[in-house]
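Biologist: Please pick one part of this chain and take a close look at it. I would like to know what surrounds it, and then how it sits in the rest of the chain.

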Amino acid sequence: MSDLWAPLRATTQARIGLGRAGNSLPTRRLLEFQAAHAAARDAVHEPLDVDALTVRLRDIGAGLGEPLRVCSRAASRAEYLRRPDLGRSPADLSSLPHTGADIGIVLADGLSPRALTDHAAGTVGALVREFGGRYRIAPPVIATQARVALGDHIGQALSVTTVLVLIGERPGLSVADSLGIYLTHRPAPGLTDADRNCVSNIHPPDGLDYAAAAAVTAALVAAARKLGRSGVVLKDTTRAAIGVARPANAPAGIDRSTAGPRPSSRPAAGTPAAPHAD
């Protein structure tokens, strides 16, 4: 008998049409679920290899400068998970230079250090190529035990006009290595998610690819500089303008600024920031 669900499963990473074995799921489907859950847990707890990431960033070249390192006030991964507030404030930023650059790039481990390991260098390289020398870029900052709002402190310390926080997003049962870019124009402590824009679901080949994410981000940066603000007042029209298409099996993008996230329904690009990485 043909599987009527097969064509639909090919278009989504959601678990649909799993079948039955008596009163339960087929064993294969149950094991797939358990494996995905284990991968999500591992992604949260796996430590970021800062030295390896530093080497990859150096290899990008393009005058980025020597990567800098900071950490939040969370002293351990366990404390980071128990105390989100500590992940939003820095332990010490005295080593950061006052750059006055146009763009600051923060690479934050977030809730999936694996996402940063897998996709950060590729995304930064694509951003540098997309900016094409139009902006002065501060030395990249690697932040550990970090939440999104830590980027506001770092951006202010660097004295940059716009900060981009590349952060590992909360793992779900379909994706454990999704990277997000949070854009904040004129960063300062005390800003909220309403003041940011998010380019999310970056994890090729199934999610947004690096070039597409960089193109959307560059368009948002240009629009924020023109408007003088980012966040909910900055309406994204870049996807249609630059022809960014959602991969057939990627989760659909949804616009929201306050709604809670679902693991398989993250905003794909350019939406006001939602708290799925913080």
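**A close look at arginine 77**

Modeller: Leaving aside neighbours within four places in sequence, arginine 77 is in contact with Val44, Asp109, Gly110, Leu111, Ser112, Pro113 and Gln145. The model is a predicted one. Arginine 77 belongs to helix H4, which covers residues 77-82.

Is the residue buried or exposed? Arginine 77 has a relative accessible area of 14% and is therefore buried, since buried means under 20%.

Now take some of the contacts in turn. A polar atom of the side chain of arginine 77 lies 2.9 Å from the backbone oxygen of valine 44. With glutamine 145, the contact is between side chains: a polar contact of 3.0 Å joins glutamine 145 and arginine 77.

Aspartate 109 is the partner in a salt bridge with arginine 77, and their closest N and O atoms are 3.6 Å apart. Aspartate 109 counts as buried because its relative accessibility is 3%. Side chains of opposite charge can pair when their charged atoms come close.

Other salt bridges can be set beside this one, as the structure holds eleven. Arginine 83 forms one with aspartate 85, where the closest N and O atoms are 2.8 Å apart. Arginine 83 has a relative accessible area of 36%, so it is partly exposed. Aspartate 85 also counts as partly exposed, at 36% relative accessibility.

Another salt bridge joins aspartate 118 and arginine 114, with 3.4 Å between the closest N and O atoms. Both of these residues lie in helix H6, four residues apart, which is about one turn of the helix. An α-helix has 3.6 residues a turn, so residues three or four places apart point the same way. Aspartate 118 is partly exposed at 37% relative accessibility, and arginine 114 is partly exposed at 29%. Elsewhere, salt bridges that share partners join Arg28, Arg29 and Glu32 into one network.

Which residues of H3 (50-60) are buried? They are Val50, Leu53, Thr54 and Leu57. These residues lie on the same side of H3, because they cover an arc of only 105° around the axis. Their cover includes helix H6 (113-131) and the strands E1 (68-71), E2 (103-108) and E3 (141-144). At the start of H3, a side-chain oxygen of aspartate 49 comes within 3.4 Å of the backbone nitrogen of aspartate 51. Just after H3, glycine 61 has a positive phi of about 70°.

For a contrast, go to the segment before helix H1 (6-9), where leucine 4 is placed. Leucine 4 counts as exposed because its relative accessibility is 67%. Together with Trp5 and Leu8, Leu4 makes a nonpolar surface patch of about 350 Å².

Last, the whole chain. It has nine helices and seven strands, and 48% of its 278 residues are buried. Of the contacts with a separation of 6 or more, 70% are between residues 24 or more positions apart. The accessible surface comes to about 12,300 Å², and carbon and sulfur atoms account for 53% of that.

How values were computed: Residues numbered from 1 in each chain as written. Predicted model: local features only at pLDDT ≥ 70, side-chain atom pairs only at ≥ 80, totals over all residues. Heavy atoms only, no water. Patch = residues over 30% accessible without salt bridge, like charges linked within 9 Å, V, L, I, M, F, W, Y side chains within 5 Å. Areas by Shrake-Rupley, 256 points an atom, 1.4 Å probe, with all protein chains shown as cover. Salt bridge = Lys/Arg side-chain N within 4 Å of Asp/Glu carboxyl O. Helix = DSSP H or I, 4+ residues; strand = E, 2+ residues; numbered from the N terminus. Buried < 20%, exposed > 50% of the residue type's maximum accessible area, 1.4 Å probe, protein only. Arc of directions from axis to C-beta. Contact = heavy atoms within 4.5 Å. Polar contact = N/O pair within 3.5 Å; in protein donor to acceptor, adjacent residues only side chain to side chain.
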